[in-house]
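This briefing covers one structure, shown below. The points that follow are grouped by topic.

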Amino acid sequence: MSLIAKMMYIQNLIKITGFIEACFVDKGVPIVEIKETGTEDNEQLRRRKIKSSVIYHLASDILLCICSPHLDIAQSFDFTEKISPWMKNAEQVIILTCSHISGYHITRYQNDPPDIFMKALRTNNFIYPVLSDRLEQPNTVKGIPAAVLTWCQTFKIPAVLYICYARNYEVDSDSVKLFVHLFSKLPFKLLKEKPNFTNKLCGGSEISSTLYL
Amino acid sequence: MIHLQESVNFKGCILIFPSVSVGNAGQLAVDLLITKMNPRKIGLIWHSAIMPMVGGDPYSSSETALTTSGELFYSEQWKMVIFQIRSPIMQEKSQDFVDRLIEWIKENSIDKIVILTGISDYMRNDSEIVGPSVKSVVSPTFAEKCEALKRLVENQTSDPQTQSVILYDASQEPKKISMHGGGISWKLFNACNVGGVAALVLMKYCSDGDNIPDAVKLCTYLNTLLNLVPFDCDWESPPSWTGMFGNPPQLGLY
């Protein structure tokens with residue numbers, strides 16, 4: 001398959017991923033399934049309900065990669081190497097990730113930050129508009145999003161990383177507003193015409209409350 | 001592994017390498033060196049041993065340049081290549097990283113390497129506690145090229161516990177110099193010795209906490225050996241060190 005211009009999306013936090021996947025993103029055709037490296041076979045992975053990462057081909061030369069929530073930070077390099085063939089010829093790569101607001105560092109006295117906000121980092125050769133403020137020092141991003149952005153910087157592929165800081169671990173219509181706004185600004189269709197809130201959310205590590213039975 | 005963004009002739013250069021170690025002393029010292037000497041960024045490191053991390057420019061609050069977890073800087077003035085590593089090195093992949101680094105050093109005819117590291121101060125015995133807080137382990141090939149080191153070796157005591165400079169080469173009985181908490185310092189120094197690369201490890205006894213004074217001491221000691229900047233200079237900290245010990249309190253508290 002030869003594509004003139006490609007873009008890729010990589011999503012990370014299970015709750016946001018699940019919500020976005022089920023309710024907003026029109027996923028297209030899956031073309032690649034990326035499994036974890038290990039000694040377990042498919043049946044063992046299926047029994048442990050390990051979800052693989054998948055690359056989808058959307059309309060008009062766009063690839064969408066949805067990362068498995070079960071990937072460990074130690075697998076970041078290997079995972080990035082596995083998806084690098086698809087990134088090599090990309091016109092640009094867009095990376096989406098989330099973090100809890102407790103991980104956001106400030107360096108001067110200021111009022112409480114909003115409940116949800118977005119910041120961005122980009123490679124030096126990213127010439128397209130960046131749709132949120134720069135992530136300022138001393139804040140950093142780790143894991144697979146960082147590995148992908150590092151790979152793009154190293155091999156000179158234009159890329160931008162958007163990180164959404166949220167106060168809640170649970171996702172609701174308010175917390176995905178920023179992503180909806182971001183998706184609507186991109187120059188191609190990614191959102192469903194009418195979000196489907198009845199779809200079952202993808203499984204993953206649940207943060208369960210111990211306050212109530 | 002090392003991806004250069006421009007062509008540089010490294011022949012005869014000295015390489016500064018921070019080991020990810022106790023107190024991050026080596027990495028903090030490199031931050032001070034880079035802030036003071038202002039070398040230009042010339043390359044990135046892409047290797048499975050280095051955990052990935054990205055952020056804004058740590059040396060300028062206004063620049064938009066991206067920083068990654070492994071970077072190279074070069075100073076033409078001091079003929080110096082400086083590595084900066086900003087995240088942990090995975091032990092199981094560190095030997096491959098060290099081997100490739102030695103290969104790169106030899107391919108580019110780099111003259112010598114200085115490894116900056118912190119080591120655990122709680123491992124000192126009584127005589128080491130009263131001895132110098134910065135110790136160095138040096139290969140004979142490095143010592144020959146550094147007059148300041150030669151003087152230190154000549155003037156120091158004969159008691160190995162209180163010596164500040166330990167001469168060690170691959171032909172000696174293989175014994176491991178204690179670099180507890182020093183990350184890959186020993187592995188890299190040993191590989192340099194075996195590979196015929198002149199090497200020096202500068203070790204600062206420290207523990208985790210406010211390690212800025214430890215970094216300053218490492219830089220001062222390095223400056224004594226290499227004569228980089230005026231002896232009484234102030235080592236300025238980079239903007240990324242702001243907020244090192246957590247966020248200021250929220251205004252809503254008052």
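In this predicted model, strands β4 and β5 of chain B pair in the antiparallel sense over two bridges. Within that pairing, B:V54 has B:T68 of β5(B) as its bridge partner. Strand β4(B) is also joined by three bridges to strand β8 (residues 140-142) of chain A, and these two strands run antiparallel.

- The three strands form an open sheet in the order β8(A)-β4(B)-β5(B), and the pairing is antiparallel.
- Its edge strands are β8 of chain A and β5 (67-68) of chain B, each of which pairs on one side only.
- Across the chain boundary, A:T140 has B:G55 in β4(B) as its bridge partner.
- Helix α4 (residues 143-154) of chain A lies across β8 of chain A together with β4 and β5 of chain B. The helix runs at about 105° to β8(A).
- The loop between β7 (133-134) and β8 of chain A holds A:P138. The peptide bond from A:Q137 to A:P138 is cis, with omega near 0°.

**The contact between chain A and chain B**

- Chain B contributes 30 residues to the contact and chain A contributes 39 residues.
- Between them, the two chains bury about 3000 Å², of which 63% is on carbon and sulfur atoms.
- Of the area that chain B buries against chain A, 25% comes from B:W46, B:V54 and B:L66, more than from any other three residues.
- Strand β4 (residues 53-55) of chain B gives the most to the side of chain B that touches chain A, supplying three residues.
- That side of chain B comprises 13 nonpolar, 14 polar and three charged residues.
- How many salt bridges are there between chain B and chain A? The count is zero.
- Four residue pairs are in polar contact between chain B and chain A, with both residues at pLDDT 80 or more.

**Salt bridges in the whole structure**

- Over all chains, a search of the whole structure finds 10 salt bridges.
- One of them joins B:R40 to B:E6, with the closest N and O atoms 2.7 Å apart.
- This pair links distant parts of the chain, the two residues being 34 residues apart. B:R40 belongs to strand β3 (residues 40-45) of chain B, whereas B:E6 is in the loop between β1 (2-4) and β2 (14-18) of chain B.

**The nine-stranded sheet of chain B**

- Nine strands of chain B form an open sheet with mixed pairing, in the order β1-β3-β6-β7-β2-β8-β11-β9-β10.
- The edge strands are β1 and β10 (165-167) of chain B, each pairing on one side only.
- On average, neighbouring strands of this sheet are turned by 25° against each other, direction ignored.
- Strand β9 (residues 134-138) of chain B is joined to β10(B) by three bridges, and the two run parallel. The bridge partner of B:S136 in β10(B) is B:V165.
- Helix α2 (residues 91-107) of chain B packs on the sheet and touches β1, β2, β3, β6 (70-75), β7 (80-85) and β8 (112-120) of chain B. The direction of helix α2 makes about 165° with that of β2(B).
- Helix α5 (residues 147-155) of chain B also packs on the sheet, touching β9, β10 and β11 (198-206) of chain B. The direction of helix α5 makes about 95° with that of β10(B).

**A backbone detail in chain B**

- B:N24 lies in the loop between β2 and α1 (25-37) of chain B. Its phi is near 50°, a positive value in a residue other than glycine.

How values were computed:
Residues numbered from 1 in each chain as written. Chains lettered and ligands numbered in written order. Predicted model: local features only at pLDDT ≥ 70, side-chain atom pairs only at ≥ 80, totals over all residues. Heavy atoms only, no water. Contact = heavy atoms within 4.5 Å. Buried area = accessible area lost by both parts, 1.4 Å probe. Salt bridge = Lys/Arg side-chain N within 4 Å of Asp/Glu carboxyl O. Polar contact = N/O pair within 3.5 Å; in protein donor to acceptor, adjacent residues only side chain to side chain. Helix = DSSP H or I, 4+ residues; strand = E, 2+ residues; numbered from the N terminus. Nonpolar A, V, L, I, M, F, W, Y, C, P; charged D, E, K, R; others polar. Pairing = 2+ DSSP bridges. Axes fitted to C-alpha atoms, helices over the stretch in contact; angles between N-to-C directions.
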